[in-house]
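Biologist: I am new to this structure and would like to learn how its features are read. Could you take me through them one at a time, with the general idea before each case?

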Amino acid sequence: MNQALDIFRSSGYYFSRNPVFLNSSRNSPAFLLHKQNFPLEHLAAPLFEKYRRLVCSKRVNSKPFIPTESNSLRVEAEACDGADFSAVPHVQTLREFPKEELSEKVVMVRFDSRLLFQQLQERKIQCENAVSTIKYLHEAGAKVILVSSWDADAENTMKIVRAESIAGALSSVLQVKVVPVKLVTRHMHSAKQESNILLLENLFQFKEEPANCKGFARLLSSGVDIFVNDAFSQSHRVLASTVAISRFCYASIAGFHFEAVLSQLKNITKTSQKPYVAIIGGGNLVEKAAALRLLVCICDGLVFVGNIAFQIMHALGLPLPMKLVEHGATEEALTLINSMKSRRRAVIVPKDFLCLNNLNPEKLEIFSADCLVDGWQPVDLGPESLEEIASLVSKCKKILWIGPVRFGLSRSDAGEASRLGAVVDRLRSQNNLETILVGKVACTTVLGSNLNYSVIENASAVWEFLKGRSLPGLMALDRSYPFDIKWDGVYDDPTRPLVVDVGSGNGLFLFGMAKKRKDLNFLGLEINGKLVNRCLERVLQTGMKNGYIIRTNAASTFRSIISSYPGELVLVSIQCPNPDFNKPEHRWKMVQRSLIEAIADLLALGGKVFLQSDIEGVAIRMKSEFVKYGKGKIMVMDEPEDASCYQRQWLNENPFGVRSDWEQHVLDRGANMYRLLLSKPAIIAGSTCRG
């Protein structure tokens, strides 16, 4: 391998024969390199303060800034050559979801069939989270419906397995009776479900599933309240059971297994443990180029094995049989090499191979990497290659192994991966090495009986993430707010009663009220980033101490944000939601069941909800949904003594005397506003409230 590095150096590029990060002195090239490149771990801890300085660097006595999900991720991305870290949003999880809200709810769980079947085989510990999701829901009193897809595996053993057999296997794993049902007859079984768990028929047989068919998802989710996705291995695919289904359930959240794997996925980009080396296998360099550029950015060294190693070796000028070179890969390989050179990353490619004679398969010989000849097929790493990899990895604190160790046209990974796996396993045990295994081959051959690894068995989802692409199954889940809010940095007195304006737009109502009522704190929740930035500029310019705004989707983050506020929530206003977003199935509909239930739970006794729209149908729908999903806590206020202040059921005037921007626009053109005031009374009685 050092021969390749010598060639690289002679071509005018600089790569040290010894990886630069192995010298840990303060004057070492590695130390200077890390200072210059501003590594990501410096961003991870104080994002709050760094983003505040980024926005307010020219201001004096600026107010502390709360980072939003989007802008903080953008800061991280800019520090790493534009890698799109927003591909991993903060999503609502079953762990965060109120357990009491699960009782008597119909909950559909999209589980990973292969993962649960491993519970019956060798790696039981890897399945604990998946099993725990189903048990937790069942014990919480939810009516659980399981759904998944199972097709033929490598040994073709699952092809003929019927749902009845799957249900029996799941019953033994869960210690709860699982009843198989047909999709079309599920409702009859649901009515008599009692304490049983239902298993729907195999989704593999429905062509609508991979087509992400909206109609099929509607049928699948009929009668379902909450959707729990616990099949991370399918998150990179667009499926009706993971994506379209989220349109029809009032809450879409991640199960325990999904959450655990998502945490491991995020850990790949964390660089607090250094030196950090990636072992990269597989092929298709062109397709993975964007992901490899990110790994160059975050890792201190890269070890190339498998077919992808041949592409790097070819770009370095080593003579190789052309059958080992992928078409169009040379240009991308050179770009990658230049990136590694500019960042002074350690790079290792195989120095020797164990090769098989094509004419005599029983004949094996060791060949140097620069002396491969036709008629001999590389099938494994040679002893010098393994020794050099071991030497590099032994000095690391963290490694990522992603991709199979498959060489040339070989169809087997068993021998190759097991030898490299033995090296990794030995070094992990000796050096307490943090190890992330990605892909079925790495997980199968390295794990053995040792379970102290971070494991992601599906490599496809990880490659998509590393390319900066969004994972559809992940993006379909509800969001949660990713930061702990420092309320004492936002308001001068965070114990004052709080008013929340959902969908605050340009902030005319929010800041008008904040100026009028100094005894209250005001918070806007707005999804439009441009409007939020304008409002934040206004907060900074005016030095406002009782008004603020956050960019977020309040429908899914309201509870996580407001529950941390130290004072009481006394008023929530929802004004003029976009009618195009008010369709019952719209993903970003503002007034969703999850929002209404959160408001009902968090609103103080005697607190108010103010609803208004310039479209009567929208106002009527908001009212009916608050009555329907308000848990009996939110009631329409009685008509006042002066009934003339109502037009039929609507308020004539804005009761707060401060108009929103759209309200002002509507009134200026002479149109009507439809307003309604609801309350959370201390005592619900017919004389005080009406439904």
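Modeller: Let us begin with the aromatic rings, where Trp487, Tyr491 and Tyr565 form one aromatic cluster; rings of Phe, Tyr and Trp (its six-membered ring) pair if their centres lie within 6.5 Å, and planes under 30 degrees apart count as stacked, over 60 as edge-to-face and the rest as tilted. This is a predicted model, in which local features need pLDDT of at least 70 and side-chain atom pairs count only at pLDDT 80 or more, while totals for chains, interfaces and linings use all residues. Residues are numbered from 1 along each chain as its sequence is written, and side-chain values use heavy atoms, with hydrogens and water left out.

Biologist: How many aromatic pairs does a search of the whole structure find, and what describes a pair of aromatic rings?

Modeller: A pair is described by the distance of the ring centres and the angle of the planes. The search of the whole structure finds 11 aromatic pairs. One of them is Phe367 with Trp376, a tilted pair at 5.1 Å centre to centre with 50° between the planes. Tyr491 and Tyr565 form an edge-to-face pair, at 6.3 Å centre to centre and 85° between the planes. Tyr491 lies in the loop between helix H20 (487-490) and strand S16 (498-502), and Tyr565 in the loop between helix H23 (554-562) and strand S19 (569-575), so this pair ties together parts that are 74 residues apart in sequence; helices (H or I, at least four residues) and strands (E, at least two) are DSSP runs, numbered from the N terminus.

Biologist: Is Tyr491 buried or exposed?

Modeller: Buried means under 20% relative accessible area, exposed over 50%, and partly exposed in between (1.4 Å probe, protein chains only). Tyr491 has a relative accessible area of 1% and is therefore buried, and Tyr565, at 6%, counts as buried as well.

Biologist: What is the sense of pairing between strand S10 and strand S11?

Modeller: Strand S10 (residues 352-357) and strand S11 (residues 364-368) pair in the antiparallel sense over 5 bridges. These strands form a hairpin with 6 residues between them, and Leu354 has Ile366 of S11 as its bridge partner.

Biologist: At what angle do helix H12 and helix H14 pack?

Modeller: Axes are lines fitted to C-alpha atoms, for helices over the stretch in contact, and angles run from 0 to 180 degrees between N-to-C directions. Helix H12 (residues 285-298) and helix H14 (residues 329-342) pack at about 5°, with their axes 10 Å apart. That makes H12 roughly parallel to H14, where angles under 35 degrees count as roughly parallel, over 145 as roughly antiparallel, 65 to 115 as roughly perpendicular and the rest as oblique.

Note on methods:
Two strands pair if DSSP finds at least two bridges between them.
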